[in-house]
Structure formats: structure tokens, C-alpha cells
Amino acid sequence: ARVPPRRFAMKVVAIIPALNEEAAIGGVVHELRSGVLDEIIVVDNGSTDRTAEVALAAGAHVVHQPERGYGAACIAGVDAAPDASAFVFLDGDATEVTSDLAQMIAAVLDGRAQFALGTRSGKSAPGANPWQQRLGNRLLTILLNRLTGAHLADLPSLKVVDGPTLRALNVRDRRYGWTAELLTRAAMRKCTFLEFPRGPKQRKGRSKVTGSLLRNLRVGYAIAATIIRVWRAERAHPASFEP
């Protein structure tokens with residue numbers, strides 16, 4: 001379903017879940033402040049370092065979500081900006097390439113797509129995209145595409161989502177499956193996607209997932225289970241996009 005272009009005041013809000021990203025979060029916020037965002041929300045997901053203080057000093061609105069989990073942080077950020085016309089989601093580890101973020105936002109606001117995805121399909125910085133991460137992401141994307149009929153290249157952390165679409169999809173996963181639930185449900189409801197390829201940068205600080213093969217496997221299993229669960233639920237109760 002094509003989103004009609006809006007003729008009224010629009011509010012674009014960035015949501016940045018962050019757990020112990022003191023080394024990176026200040027630079028991420030400063031980079032975003034030079035763009036076209038109306039508000040930057042950093043969701044401190046129970047950090048034990050100075051993530052919240054650094055983000056606040058850099059100019060972000062800080063929301064505290066002590067319940068650990070990527071999905072819990074995303075939901076808290078969205079709840080803090082219920083009137084946003086579009087949401088930008090990205091990680092707080094400085095890996096995201098945001099040079100074309102204005103074009104991604106424009107694609108959503110002018111109705112060309114409900115989702116603009118910053119796919120990790122360009123040339124990566126050395127060490128920025130380990131093989132186990134690439135393989136796991138590729139397999140999960142294939143699974144989503146096969147089940148839903150979509151043609152996505154990635155399940156990326158950087159994404160711009162139309163506000164009414166996001167609220168209508170009502171994504172509730174509170175851990176690593178939040179993006180998988182979002183994109184699986186959107187694909188099943190025939191939402192529109194545009195992809196913007198880029199290569200990730202080297203992260204700052206310690207990775208919460210990619211440092212351990214066992215942790216990668218556990219997270220990958222949880223995400224695959226989420227994709228299958230949402231696909232089954234959507235097949236059992238088909239619904240179109242209704243913002």
C-alpha cells in the first residue's frame with residue numbers, strides 16, 4: 001500500500017537503543033544533529049557506564065528503559081514520541097553510515113515507501129561485519145523472503161519507518177526479534193520497501209552479540225523463531241495495512 005504524501009507539519013524522530021555505548025553515543029548524536037531530524041531519542045537500556053550522560057550532553061532526549069532488550073528499548077522510544085510522522089531507528093555503536101539519511105527520510109515522507117532500509121550490502125570497513133554475522137543475517141533474510149514473498153537484502157538496524165505504519169503493525173517483541181517481527185509483519189501485509197545499500201563502519205566499544213559464536217547462534221535461533229511465529233500468525237489472521 002502506498003502511503004499518501006502528507007500536506008501538514010511532519011515530525012521525524014530518531015530512536016537509538018543504547019547499552020553501554022559511552023565511547024560512541026556522543027559522536028552518533030552529534031552526527032545526527034546536523035541532519036533533518038526534529039528529535040533524537042537515546043533509550044538507555046540499563047547501561048552501567050556514562051551512556052545516558054554523554055547522550056544528554058550531546059543534545060539527545062534520553063529515555064530510561066531498565067528492562068534489557070532491543071525491542072523493549074525500541075518500544076520505549078516510540079512511546080516517547082507518539083505523534084511522529086516517521087521514525088529513524090539506528091544503533092548507538094557508530095557503525096551506521098548516515099550520509100543518505102535525508103534521502104531515506106524523504107522516500108518515506110513523500111509516500112514512495114513505508115520503509116527505507118539501510119541494507120548492509122556495500123563494502124564494509126575492515127572487521128566491521130564478521131563472517132558469522134554476515135552468514136547469520138543472510139540465512140535469516142532468506143527465511144523471511146521465502147516465507148513472505150518479499151525480496152529484502154538485509155534485516156538492517158538502520159531503517160526509516162512511516163509513523164502510522166509502525167503504530168498499525170503493533171510490534172511487541174521485547175528482545176532481539178523486534179526488527180524481524182517488524183519486517184515479517186510488514187512483508188505479510190504488503191507494505192512497500194526501498195533499500196539503500198551501504199557498508200557498515202567499525203564499531204566503537206564492545207559488541208553485545210558478535211563477540212561470541214555461541215551468542216550469535218542463540219540470537220539467530222531466537223530471530224528465526226520470531227520470523228516463523230509472526231508468519232504463522234499473519235497467515236492465520238490475514239490483515240492488510242490499515243493505519
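These notes go through the sheet, then the helices, then the cavity.

**Entry 1: the sheet.** I am working from a predicted model. I looked up the strand order first. I found an open sheet of seven strands, running β3-β2-β1-β4-β6-β5-β7. The pairing in this sheet is mixed. Next I checked the edges. β3 (61-64) and β7 (193-195) stand there, and each has a single partner strand, so one side of each is left without a neighbour in the sheet. I also noted the twist, which averages 20 degrees from one strand to the next.

Entry 2: I picked β4 and β6 from the order. In which sense do β4 and β6 pair? They pair in the antiparallel sense, over four bridges. I wrote down their spans: residues 86-89 for β4 and residues 159-162 for β6. I then looked across from F89 and found K159 in β6 standing opposite.

**Entry 3: two helices.** I turned to α1 (residues 22-33) and α2 (residues 51-58). Their axes come within 8 Å. I read the crossing angle as roughly 20 degrees. Angles under 35 degrees count as roughly parallel, so α1 is roughly parallel to α2. For handedness, I noted that α1 passes α2 in a right-handed crossing.

**Entry 4: the cavity.** How many cavities of 30 Å³ or more does the structure hold? I found one. The largest cavity has about 30 Å³ of space. I listed its lining: T95, E96, V97, G118, R120, R198 and P200. By class, the lining residues divide into two nonpolar, two polar and three charged.

Note on methods
Residues numbered from 1 in each chain as written. Predicted model: local features only at pLDDT ≥ 70, side-chain atom pairs only at ≥ 80, totals over all residues. Heavy atoms only, no water. Pairing = 2+ DSSP bridges. Axes fitted to C-alpha atoms, helices over the stretch in contact; angles between N-to-C directions. 1 Å grid on protein atoms, 1.4 Å probe; cavity = no way out; pocket = protein on both sides within 12 Å on 5 of 7 lines; lining within 4 Å. Points joined across faces, edges and corners; volume = space filled by probe spheres on them. Nonpolar A, V, L, I, M, F, W, Y, C, P; charged D, E, K, R; others polar. Parallel < 35°, antiparallel > 145°, perpendicular 65-115°, else oblique. Left-handed = near helix turned anticlockwise from the far one by under 90°.
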